[in-house]
Amino acid sequence: MKTITCCGTLRPVRLRAMIMACALAGMVPSPQAPLAREITALYISAMPTWIYNGFTTDSDGESVQGSDTSPLRMTFGIGLELSLGEKNRLEPNLWVYTQEYAALRDHDKTVPTQIETGSSVGDIANTLGIALSLPWLYTLPWPDHEAWRLSAGGGITLIFRIPLEAIDGSDASPVTEYWIAGRFFYPHLQAAADYRLTDTLEVGAGLEWYIPAYNLWVDNREDTPFLDETMLRFGLRLRHRLGSP
């Protein structure tokens, strides 16, 4: 094979090959370069969640039979922290809860209810809520203390209500059909505060607001506000760091 020297004349084919080799070499990080994206922590959460029910009275101002006041449910979640640099990170997580819903017979609406309501108002099912969330968070520059970390951000969450059991001889399919008709898309905003107890353990609190954006486009024939079925989560998080801070 002929050796190419810096003084020799480069053919066009060989010149292009050298340019491609240099480009590929630049795309491969050196062994000493730190990873820009890595899993830095795992965490669990326990958060009471308030679910706004905006359909407790009808257009005539009469109470809607079977429609419960806005319930407060306990949710539990797991997640991980994916570093995107010094100040930015993703925190993919999953959280779950249970809630009874009634597909009202006299209204084109499915609402939070209770087991005691009975199927006279419509089909009732106990559902398992499964939320898949992908938030981006930015670490705020204050407070200037190594043990504290305050963050703010937002993302997209998909919340699915899956019937666990029909109640009082009901048919669970109307409840299922209502919630899968696009009513699972929630943009959300959140804030968090974490305090480092040890090199690998942090305890913190989070506030998360899930916005029912689907109310902009779903066919909702009832007189309900845009924030119907909005959710507010607030509670504790326990984080385990996978390396030194």
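This is a predicted model: local features need pLDDT of at least 70, side-chain atom pairs count only at pLDDT 80 or more; totals for chains, interfaces and linings use all residues.
Biologist: What makes up the secondary structure of the protein chain, and which pattern does it follow along the sequence?

Modeller: The secondary structure comes to 2 helices and 10 strands, and when the chain is read along the sequence the pattern is α-β-β-β-β-β-β-β-α-β-β-β. Of the 245 residues in the protein chain, 38% are buried, and among contacts between residues at least 6 apart in sequence, 69% join residues at least 24 apart.

Biologist: How do you know that β1 and β2 are paired strands?

Modeller: Two strands pair if at least two bridges are found between them, and 12 bridges join β1 to β2, so the two count as paired, and they run antiparallel. Within this pair, A41 stands opposite E81 in β2.

Biologist: What makes β1 and β10 a pair?

Modeller: Here 9 bridges join β1 to strand β10, which covers residues 231-241, and the two run antiparallel; the requirement is at least two bridges, and therefore β1 and β10 are a pair as well. I51 stands opposite M231 in β10.

Biologist: Why is E202 called buried?

Modeller: The relative accessible area of E202 is 6%, and buried means under 20%, so E202 falls in the buried class. E202 has its place in strand β9, residues 201-210, and, not counting residues up to four places away in sequence, it touches R149, D194, Y195, R196, L197, R237, L238, R239 and R241.

Biologist: How do you know that the side chains of E202 and R241 make a polar contact?

Modeller: The two side chains are joined at 2.9 Å, and since a polar contact asks for a pair of N or O atoms within 3.5 Å, one able to donate a hydrogen and the other to accept it, this pair is counted as one.

Biologist: Which residues lie closest to the centre of the largest pocket, and how much space lies in that pocket?

Modeller: About 690 Å³ of space lies in the largest pocket. Of the 31 residues that line it, the closest to its centre are E86, T139, R149, R196 and R241. The elements that give two or more residues to this lining are β1, β2, β3, β7 and β8, and by class the lining has 11 nonpolar, 8 polar and 12 charged residues.

Biologist: What makes a space a cavity rather than a pocket, and how many cavities of 30 Å³ or more does the search find?

Modeller: A cavity is a set of points where a 1.4 Å probe fits but cannot get out, whereas a pocket is an open set. The search of the whole structure finds 1 cavity of 30 Å³ or more, and about 60 Å³ of space lies in the largest cavity. Its lining consists of Y43, S45, M47, E91, N93, P135, Q190, E208, R233 and R237; β1 and β10 are the elements that give two or more residues to it, with the largest share, 3 residues, coming from β1. By class, the lining of the largest cavity divides into 3 nonpolar, 3 polar and 4 charged residues.

Biologist: Are D168 and E229, each with a positive phi, buried, exposed or partly exposed, and how do you know?

Modeller: D168, in the loop between β7 and α2, has a positive phi of about 60° although it is not a glycine.

Biologist: What kind of peptide bond joins W142 and P143, and where is P143?

Modeller: A cis peptide bond joins W142 and P143, with omega about 0°, and P143 has its place in the loop between β6 and β7.

Technical notes: Residues are numbered from 1 along each chain as its sequence is written. Side-chain values use heavy atoms; hydrogens and water are left out. On a 1 Å grid over the protein atoms alone, a cavity is a set of points where a 1.4 Å probe fits but cannot get out, and a pocket is an open set with protein on both sides within 12 Å along at least five of seven lines; lining residues have an atom within 4 Å of a point. Grid points are joined across faces, edges and corners, and a volume is the space filled by probe spheres set on the points. Helices (H or I, at least four residues) and strands (E, at least two) are DSSP runs, numbered from the N terminus. Ala, Val, Leu, Ile, Met, Phe, Trp, Tyr, Cys and Pro count as nonpolar, Asp, Glu, Lys and Arg as charged, and the others, Gly among them, as polar. Buried means under 20% relative accessible area, exposed over 50%, partly exposed in between (1.4 Å probe, protein chains only). Contact means heavy atoms within 4.5 Å.
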